[in-house]
Number of protein chains: 2
Amino acid sequence: MRLSHSFVKTLHDAPKDETARGAQYLSRAGYVHKELAGVYDYLPLGLRVLDNIKAIVRDELDAIGCQEILLSTLQNPEPWQKTDRWDIEKMDVWFRTELAAGGELGLAPTHEEPITNLMKTYINSYKDLPLAAYQIQTKFRNELRAKSGIMRTREFIMKDLYSFAATEAQHDEFYHKAETAYKKIYDRLGIGEDTYQTFASGGVFAKYSHEFQTLTDIGEDTVYYNADRSVVLNEEVLNDEVLAELGVKREELQSAKAAEVGNIFTLKTKYSAPLGLEFMDQDCKKKPVLMGCYGIGISRVMGVIAEKYADDKGLVWPEQVAPYKYYLISIGEAGTKKAEELYVGHEDDVLYDDRDLRPGEKFADADLIGLPYRVIVSDRGLEKNEIEVMNRATGETKIFPADTFNFKTIAF
Amino acid sequence: MRLSHSFVKTLHDAPKDETARGAQYLSRAGYVHKELAGVYDYLPLGLRVLDNIKAIVRDELDAIGCQEILLSTLQNPEPWQKTDRWDIEKMDVWFRTELAAGGELGLAPTHEEPITNLMKTYINSYKDLPLAAYQIQTKFRNELRAKSGIMRTREFIMKDLYSFAATEAQHDEFYHKAETAYKKIYDRLGIGEDTYQTFASGGVFAKYSHEFQTLTDIGEDTVYYNADRSVVLNEEVLNDEVLAELGVKREELQSAKAAEVGNIFTLKTKYSAPLGLEFMDQDCKKKPVLMGCYGIGISRVMGVIAEKYADDKGLVWPEQVAPYKYYLISIGEAGTKKAEELYVGHEDDVLYDDRDLRPGEKFADADLIGLPYRVIVSDRGLEKNEIEVMNRATGETKIFPADTFNFKTIAF
């Protein structure tokens with residue numbers, strides 16, 4: 001995209017109440033626009049980041065046989081009453097609304113109930129199992145306090161996956177596939193090295209659940225880990241019983257701040273039993289389906305990545321999620337002529353700063369927007385047959401010959 | 001996709017209150033699942049249709065320089081109060097909700113107010129204009145009565161585009177570009193021949209608006225047109241004054257039922273004036289920005305196409321929006337072996353009915369699901385080196401040599 005054609009401009013100030021550094025940059029660089037506390041619009045650059053994250057998540061889930069659907073936001077109270085999650089005392093994040101035609105509805109904060117209900121139409125026999133379906137959809141949670149920019153909001157984009165199995169073995173097999181898919185996803189998102197599968201409380205029905213936690217100073221959680229990080233615990237399960245079971249001693253554990261970027265739960269029959277999702281087994285007996293659920297907050301992950309890698313100049317996007325790979329800056333007449341030539345055919349990878357601005361302003365915007373590579377094509381450089389490329393994450397600079405320059409050959 | 005891997009099965013019955021034929025088929029064929037009146041889930045086949053429609057819309061809007069964003073659902077009352085559209089008496093389709101932290105919010109039924117507000121951050125000078133931004137997003141309207149399946153719902157997916165101009169000439173130029181883009185969109189969606197740009201009431205600020213109406217017996221509207229359809233009027237503007245202005249006589253007009261598939265409005269300063277969206281003009285005077293809005297209901301269009309082309313056997317999708325292009329049926333042992341070979345590498349174009357069912361059941365499902373081409377690979381056919389292909393829309397059948405068969409060479 002040409003910056004001269006973009007309606008978004010970088011801003012000098014972030015909204016006053018935006019305290020996290022990455023969140024300030026996301027506003028100032030024009031990725032998001034704050035509507036109200038915990039409610040954001042996504043501008044063209046921000047939407048591209050979301051789309052990149054979604055594409056990676058879809059790709060890995062499709063690879064393990066998951067089927068994509070799209071469930072509704074508006075919720076009938078009935079199934080939620082059956083599982084005892086309709087009352088505000090039981091689930092305090094409900095947004096409620098009233099039908100003009102009469103009757104109360106909720107805005108879905110999660111979708112276990114409707115998907116369990118939906119599957120009653122499609123699961124009848126053990127032959128229909130196992131199966132897994134997911135969606136990427138906007139969810140609503142009536143948080144008392146929203147914070148950390150797009151990391152914890154009232155309206156957010158989530159990937160939620162649900163699995164359905166006939167036996168514990170079937171469930172476990174899929175659960176492990178999902179664990180592996182999640183690790184691949186975080187690797188591809190550029191946060192794999194600092195993201196750990198941690199033991200967390202599983203609630204009433206399963207001993208443990210697993211969270212995926214990314215180490216970062218901005219995180220709201222504290223995790224405890226041993227030296228090789230083969231065991232990582234959430235604070236809530238740090239007790240003698242759990243430590244004994246996992247075979248680690250408290251004094252062997254270090255702590256770090258972390259942000260949750262996903263979670264996976266074994267639900268057993270928590271939703272299928274009250275909602276009557278049963279299958280006819282090989283022994284001709286009806287049994288409740290065994291379920292699991294697997295979440296990744298798409299917009300939250302974008303926020304975590306923004307916070308984790310931000311430096312004192314702006315955002316620093318990993319290549320795989322960056323809205324564009326290259327920030328192309330033209331300086332001078334010959335520089336502009338050459339930059340125009342280079343841009344053609346690379347519109348989808350290159351954010352081209354073709355604006356009539358001083359070089360210093362372009363450099364500052366390049367740093368703030370945080371694309372992986374800054375490419376400078378200037379009159380002075382071209383005189384020496386040089387194009388300068390800077391790696392945003394490391395600050396390292398390389399010179400490439402201008403006459404044979406090709407974006408694809410950039411490597412650091 | 002292999003149907004043996006799909007969790008969705010075709011159903012014998014549609015929901016009891018689903019009266020429109022296309023809507024019944026959408027439920028029975030497994031494109032949608034009804035949550036409550038006017039609220040639907042989209043299953044894998046339905047999501048693919050939505051994605052195809054979205055891709056066409058995006059492509060044509062990007063081609064005329066529109067920039068994609070994503071605005072929030074949750075709405076602060078303030079800007080809507082300024083334009084006098086917050087009161088239920090003024091806009092009766094609001095869903096309202098309450099913040100746990102205190103304060104009333106609305107679920108956006110449209111987005112003129114928030115985008116006008118947003119642009120106050122980015123539009124300052126005549127140099128920033130013209131510009132156009134759009135989103136594809138879920139909207140909520142508290143309709144007293146929902147009807148015709150996914151054609152008129154309480155929760156629906158809409159593309160809404162907004163244009164911003166400094167002068168009438170600038171506005172008109174974009175408006176005409178949008179008209180042309182809309183015509184291309186309907187052509188590519190397979191409804192171009194029966195979709196007409198019609199004169200409708202423009203409300204207070206513009207003399208006319210334009211609707212795009214698709215002729216179909218299921219439509220809720222009546223349109224009037226002359227023999228060559230160079231003039232098409234919505235019922236609401238069929239009066240002597242308008243007829244005189246357009247130079248047509250009432251007796252020259254025929255009527256037909258039609259369904260609205262889009263609309264475009266000149267808004268002038270209806271929203272920019274009360275919300276204070278101004279720009280500094282070349283004469284150094286501040287002036288309100290001239291706006292236009294341009295809607296296409298993505299899920300509604302899916303419903304209109306379903307209704308318009310359905311026949312007595314099921315759905316009939318135009319090629320460009322069909323979830324898959326080919327419905328591949330294997331019959332017998334050799335047929336299955338050959339079908340498996342053909343399927344490889346075409347997973348994204350082919351819905352492969354590899355289920356262990358009688359041929360008659362597969363044929364019925366093929367008709368109900370309504371993909372453009374049914375491809376039968378059977379033992380009996382292969383003995384004669386034949387693969388039979390049927391065109392779902394016309395019922396025409398062609399025989400292709402099995403040994404050189406290639407999906408890409410199918411043509412009718």
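How many Å separate the centres of domain 1 of chain A and domain 2 of chain A, taken over C-alpha atoms? The answer is 39 Å. This is a predicted model, in which local features need pLDDT of at least 70, side-chain atom pairs count only at pLDDT 80 or more, and totals for chains, interfaces and linings use all residues. Residues are numbered from 1 along each chain as its sequence is written, while chains are lettered from A and ligands numbered from 1 in the order in which they are written.

Chain A, to begin with, is split by the domain assignment into domain 1 (3-309) and domain 2 (326-409); such bounds come from an automatic or database assignment. Where the two domains touch, 6 residues of domain 1 of chain A are in contact with 8 residues of domain 2 of chain A (contact here needs C-beta atoms, placed from the backbone, within 7 Å). On the domain 1 side of chain A, the touching residues are 3 nonpolar, 2 polar and 1 charged. For these classes, Ala, Val, Leu, Ile, Met, Phe, Trp, Tyr, Cys and Pro count as nonpolar, Asp, Glu, Lys and Arg as charged, and the others, Gly among them, as polar.

The C-alpha trace of chain A spans about 80 × 60 × 45 Å along its principal axes. Its secondary structure comes to 11 helices and 21 strands (DSSP runs numbered from the N terminus, with helices being H or I of at least four residues and strands being E of at least two). Of the 412 residues of chain A, 50% count as buried. Buried takes 20 or more other C-beta atoms within 10 Å of a residue's own, exposed takes 12 or fewer, and partly exposed lies in between, with C-beta atoms placed from the backbone. Looking at contacts in chain A between residues at least 6 apart in sequence, 69% join residues at least 24 apart.

Now for the pair of chains.

Between the chains, 43 residues of chain B are in contact with 43 residues of chain A. On the chain B side, at least two residues each are supplied by several elements, including helix H2 (44-63), strand S5 (95-98), helix H4 (112-122) and strand S7 (131-140). That side divides into 24 nonpolar, 12 polar and 7 charged residues. Because 100% of the interface residues of chain B are also interface residues in chain A, the copies meet through the same surface.

What about the inside? The largest nonpolar core has 236 residues (a core being a set of buried Ala, Val, Leu, Ile, Met, Phe, Trp, Tyr and Cys residues joined through C-beta atoms within 7 Å). Among the residues with the most contacts inside it are A:Ile53 and B:Ile53. Setting aside residues up to four places away in sequence, B:Ile53 touches B:Leu189, B:Ile298, B:Val301, B:Met302 and B:Val321.

Chain B also has an open sheet of 3 strands in the order S4-S6-S5, with antiparallel pairing; strands pair if DSSP finds at least two bridges between them. Its edge strands, S4 (74-75) and S5 of chain B, each pair on one side only. Strands S5 and S6 (residues 104-107) of chain B are joined over 4 bridges, and B:Arg96 has B:Gly106 as its bridge partner in S6.

Elsewhere in chain B, strand S13 (residues 254-268) runs antiparallel to strand S10 (residues 208-215), with 6 bridges between them. B:Gln213 stands opposite B:Glu260 of S13. Strand S11 (residues 221-225) of chain B pairs with S13 over 5 bridges, and B:Tyr225 stands opposite B:Gln254. Strand S16 (residues 290-297) of chain B is joined to S13 by 5 bridges, with B:Ile264 partnered by B:Tyr294.

Helix H4 of chain B is mostly covered, as 8 of its 11 residues are buried. In strand S7 of chain B sits B:Lys139, which counts as buried because it has 22 C-beta neighbours inside 10 Å. Leaving aside neighbours within four places in sequence, B:Lys139 is in contact with B:Ala108, B:Pro109, B:Thr110, B:Phe156 and B:Met158.
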